[in-house]
Amino acid sequence: MFHHVAVASKDVQKSHRFYTEVMGFTLKKVVKRQTPEGGWTKHIFYDTGEGQLFAIWDLRGIEGVVVDPDKWTGGMGNGLPYWINHIAFDCQDIGGLEDCKQRWLDHGYNVVEVKHEFIHSIYTRDPDGTLVEFTFDTQPLTEADEREAEELLADDTPAQVPEYEGVQHKSPHYQARRASEKRDAELTEAGAAM
C-alpha cells in the first residue's frame with residue numbers, strides 16, 4: 001500500500017480539473033510552504049479512495065529561483081517514452097473500470113483498454129502527459145507467480161512474447177475538449193501579454 005504519489009504540474013488549474021472531474025478524486029489538503037532554496041510551493045493532495053492520496057506540485061513559486069521555468073517538464077517527463085512512467089489507481093472490479101472509462105470518454109479523453117495477464121486496465125494521459133491507469137486484479141498472485149518472478153528476474157535473454165494488444169476507445173468529445181483547451185491557452189497568453 002502506498003500513502004501518496006506526487007508529480008509536478010505545469011498548469012495547476014488544468015491538472016486540478018483533470019484529477020477532480022476526469023479522475024473523480026476529491027481535493028483533501030493543500031500544504032503551502034517556503035522552500036529551503038528560496039521561493040515557495042503548494043503540495044496539493046487528492047483522495048483516491050481507501051485513504052490513499054495522490055498529489056500534484058505547484059512549483060510556480062520556485063520558477064526563476066530554484067528551477068528555470070523553460071527547462072522543466074510537468075508530470076513524470078524525463079525523456080523516456082510516455083508509457084514507461086505511469087501511475088495506476090485501483091478501480092476494484094469491472095464495474096469500476098467501466099465507470100472510469102465512461103467518465104474519461106465523457107470528458108473528452110481517448111482510452112486504451114488492455115487485458116494483461118493478471119490485471120485489466122484502462123489508460124489515458126493527464127494534462128502534463130503523465131500516463132494514468134485504472135486497473136483491477138483479475139486473478140490473485142500465487143506462489144507459482146513468485147517463483148516465476150525470481151526466474152524471470154535472473155533471465156537476461158530477450159523477451160519472445162509480444163506486447164499486449166489494446167483496444168482504443170475514442171471519445172466523441174475529444175476534439176471539443178482539445179479546442180476548448182486551445183482557446184483557454186490563447187486567452188491565458190493574451191491576458192499575460194496585457
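This section describes the fold, the salt bridges, the surface patches and the backbone of a predicted model.

Residues are numbered from 1 along each chain as its sequence is written, and side-chain values use heavy atoms, with hydrogens and water left out.

Confidence is given as pLDDT, the predictor's confidence in each residue, from 0 to 100. The chain averages 90, and 97% of the residues score at least 70. Strand S1 (residues 4-9) has the lowest confidence, with a mean of 88. Helix H2 (residues 94-106) has the highest, at 98. Where pLDDT is low, predicted coordinates should not be read in detail.

The chain contains 4 helices and 9 strands. Helices (H or I, at least four residues) and strands (E, at least two) are DSSP runs, numbered from the N terminus. Their order from the N terminus is β-α-β-β-β-β-α-β-β-β-α-β-α. The C-alpha trace spans about 60 × 45 × 35 Å along its principal axes. Of the 194 residues, 33% count as buried. Buried means under 20% relative accessible area, exposed over 50%, and partly exposed in between (1.4 Å probe, protein chains only). Accessible areas come from the Shrake-Rupley method with a 1.4 Å probe; for residues, only the protein chains shown count as cover.

Side chains of opposite charge can pair when their charged atoms come close. The whole structure holds 3 salt bridges, each defined as a side-chain nitrogen of Lys or Arg within 4 Å of a carboxyl oxygen of Asp or Glu. Lys 101 pairs with Glu 98 at 3.2 Å, N to O. Both residues lie in helix H2, 3 residues apart, about one turn of the helix. Lys 101 is buried, at 9% relative accessible area, whereas Glu 98 is partly exposed, at 32%. Lys 101 also forms a salt bridge with Glu 113, with the closest N and O atoms 2.9 Å apart. This pair links distant parts of the chain: Lys 101 in helix H2 and Glu 113 in strand S6 (residues 111-115), 12 residues apart. Glu 113 is buried because its relative accessible area is 11%.

Glu 181 and Arg 177 form a further salt bridge, with the closest N and O atoms 2.8 Å apart. Both lie in helix H4 (residues 174-193), 4 residues apart, about one turn of the helix. Glu 181 is buried at 18% relative accessible area, and Arg 177 is buried at 15%. Shared partners join Glu 98, Lys 101 and Glu 113 into one salt-bridge network.

Surface patches are made of residues with over 30% relative accessible area and no salt bridge; like charges are joined within 9 Å, and nonpolar side chains (Val, Leu, Ile, Met, Phe, Trp, Tyr) within 5 Å. Lys and Arg count as positive and Asp and Glu as negative; His and the chain ends are not counted. A charge is placed at NZ of Lys, CZ of Arg, CG of Asp or CD of Glu. A negative patch comprises Glu 117, Glu 143, Glu 146, Glu 148, Glu 150, Glu 151, Asp 155 and Asp 156. Asp 156 lies in the loop between helix H3 (143-154) and strand S9 (166-169). This residue is exposed, at 72% relative accessibility. Tyr 82, Trp 83 and Ile 84 make a nonpolar patch of about 320 Å². Tyr 82 sits in the loop between strand S4 (52-58) and strand S5 (86-90).

Glu 50, not a glycine, has a positive phi of about 60°.

Note on methods:
This is a predicted model: local features need pLDDT of at least 70, side-chain atom pairs count only at pLDDT 80 or more; totals for chains, interfaces and linings use all residues.
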